[in-house]
Amino acid sequence: MKRIVILGGGTGGTLLANRLRRAYRPEAADIVVVDRDDAHVYQPGLLFVPFGLADVQRITRPRGRQLHDGIFYCRATIDHVDIENDRVYLRNGNRLDYDVLIVATGAQLLPDETDGLTGPGWQRDVFTFYTPAGAEALRRALDRFDFGRLVVSFVDLPIKCPVAPLEFCFLADHYFRRRGIRHRIDITYVTPLDGAFTKPVASRALGGLLAAKGIELVTEFSTGTVETDRLVSYDDREVPFDLAVIVPLHGGADYVARSPGLGDELGFIPVDPHTLQAKVKPNVFALGDATDAPASKAGSVAHFEGEVLVGNVRRFLDGEPLAASFDGHTNCFIETGGGRALLIDFNYDTEPLGGHYPGPFGLPLLRPSRLNHLGKLAFQPLYWHGLLPGRDIPGIGPAMPVRGKSRG
């Protein structure tokens with residue numbers, strides 16, 4: 001029997017474990033998932049919590065219950081990985097030997113890495129919605145906020161769901177309009193990028209939406225310090241605020257730094273971007289937010305990577321060449337406010353294109369629509385009942401589709 005140890009019981013780790021359980025008979029492979037807690041949060045739902053459109057309890061479920069029968073869930077904190085001896089050491093004194101190791105512990109927030117971010121204003125005038133507690137605290141702050149300047153920013157890439165700060169701006173615009181106080185509030189989006197987004201085509205579309213909604217865009221602003229009432233960049237530019245919503249720096253899990261050779265200087269796992277095999281040793285793989293692959297850190301990426309990685313784990317254990325088949329496929333719904341959303345679909349080599357997804361009669365791309373908003377809402381039940389259980393979704397595969405798209 002082979003033992004496959006998966007570090008992390010989030011989106012990537014859970015769907016991969018379930019797919020592997022379907023691929024191997026129980027007597028052929030022992031599958032173990034390790035995580036430090038038993039709270040699986042549907043992270044896209046955190047965006048809606050500050051606006052009273054979602055509740056943290058309703059988007060949180062036990063991790064162990066998302067795993068198929070025959071998968072052992074080990075609730076423990078990881079101390080370090082001994083790459084040379086194929087062994088994971090846990091803080092409780094136990095250890096797990098493995099034939100294949102899969103790192104899926106995602107990315108963690110590092111607010112202390114930015115001067116002043118967790119200072120006196122933290123959770124008073126400065127918030128983040130990237131954690132359940134932060135999203136709930138921000139909801140209370142928005143309820144009280146009826147005049148002044150709201151600044152939304154992220155410190156630097158990579159971050160989980162790079163479009164989420166933009167979505168927050170659009171939803172805030174609609175939220176204040178619904179309350180009848182939008183004219184009393186200035187909204188500013190501050191980014192270290194040279195535009196609204198990383199991909200030029202999408203950047204133009206999203207920048208146009210910001211302008212149409214009267215949201216100021218400040219570009220190439222690298223936040224060095226967060227003071228009580230302003231952001232200060234490394235080149236001494238300043239953006240004042242009355243309420244700030246900040247996405248902190250991200251890094252890999254703590255144990256990666258204690259595991260020689262496993263991660264890079266940020267704690268992410270260097271992998272082949274097409275096979276997802278780690279560069280440190282052939283029997284180590286990684287997926288989702290834990291990798292250094294140049295794809296967005298988003299749930300769709302973990303889903304598409306998971307389909308590819310199941311095949312490559314089986315090929316590795318069978319002594320066969322790996323398939324270099326992951327193309328960086330990413331898609332995401334971007335809430336634009338007023339019950340509408342925009343959809344983008346791209347990969348390593350291809351910009352977001354217009355047209356429809358996943359085919360000629362699918363969802364509209366690169367333009368806000370009610371249909372896309374409904375698609376985003378429908379994704380939550382699909383997440384719990386389709387994606388996490390490792391089911392194939394008809395018409396949606398890991399390779400980016402080209403049918404139905406315009407090259408114009």
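Mentor: Helices (H or I, at least four residues) and strands (E, at least two) are DSSP runs, numbered from the N terminus. The model is predicted, so local features need pLDDT of at least 70 and side-chain atom pairs count only at pLDDT 80 or more, while totals for chains, interfaces and linings use all residues. Residues are numbered from 1 along each chain as its sequence is written, and side-chain values use heavy atoms, with hydrogens and water left out.

Trainee: Good. Which residue just after α3 takes a positive phi?

Mentor: That is Gly180, with a phi of about 75°.

Trainee: And α3 itself: how many of its residues are buried?

Mentor: The helix is mostly covered, with 12 of its 15 residues buried, meaning under 20% relative accessible area; over 50% is exposed and anything in between partly exposed (1.4 Å probe, protein chains only). Among the buried residues of α3 are Glu167, Phe168, Asp173, Tyr175 and Phe176.

Trainee: Which residues have the most contacts inside the largest nonpolar core?

Mentor: They are Phe129, Leu150, Phe168, Phe176 and Ile344, in a core of 60 residues. Such a core is a set of buried Ala, Val, Leu, Ile, Met, Phe, Trp, Tyr and Cys residues joined through side-chain atoms within 4.5 Å. Helix α3 (residues 164-178) supplies the largest share of this core, 9 residues. Apart from it lies another core, of 59 residues, including Leu16, Ile31, Val284 and Ala298.

Trainee: Back to Phe168, then. What is it in contact with, beyond its sequence neighbours?

Mentor: Leaving aside neighbours within four places in sequence, Phe168 is in contact (heavy atoms within 4.5 Å) with Leu47, Pro50, Phe51, Phe129, Leu138, Leu142, Leu150, Val152 and Val245.

Trainee: Ile344 was on that core list too. Which residue stands opposite Ile344 in β22?

Mentor: Cys332 does. Strand β21 (residues 330-335) is joined to β22 by 6 bridges, and the two run antiparallel. DSSP must find at least two bridges for strands to count as paired. The hairpin of β21 and β22 has 5 residues between the strands, and Gly337 there takes a positive phi near 90°.

Trainee: Why is β22 described as largely enclosed?

Mentor: Because 6 of the 6 residues of β22 (residues 341-346) are buried, the rest of the structure largely encloses the strand.

Trainee: Which of its residues point which way?

Mentor: Ala341, Leu343 and Asp345 point one way, whereas Leu342, Ile344 and Phe346 point the other, and all are buried. In a regular strand, side chains alternate between the two faces of the sheet.

Trainee: Changing topic: in what order do the strands of the 3-stranded open sheet come?

Mentor: The order is β24-β23-β25, with antiparallel pairing. Strands β24 (363-365) and β25 (405-406) are the edges, each pairing on one side only. Between β23 (residues 354-357) and β24 there are 3 bridges, and Gly355 has Leu365 of β24 as its bridge partner.

Trainee: What surrounds Gly306?

Mentor: Beyond neighbours within four places in sequence, Gly306 is in contact with Leu15, Leu16, Arg19 and Leu287. Leu16 also belongs to the core of 59 residues. As for Gly288, its C-alpha is 8.3 Å from that of Gly306, with the two 18 residues apart in sequence.
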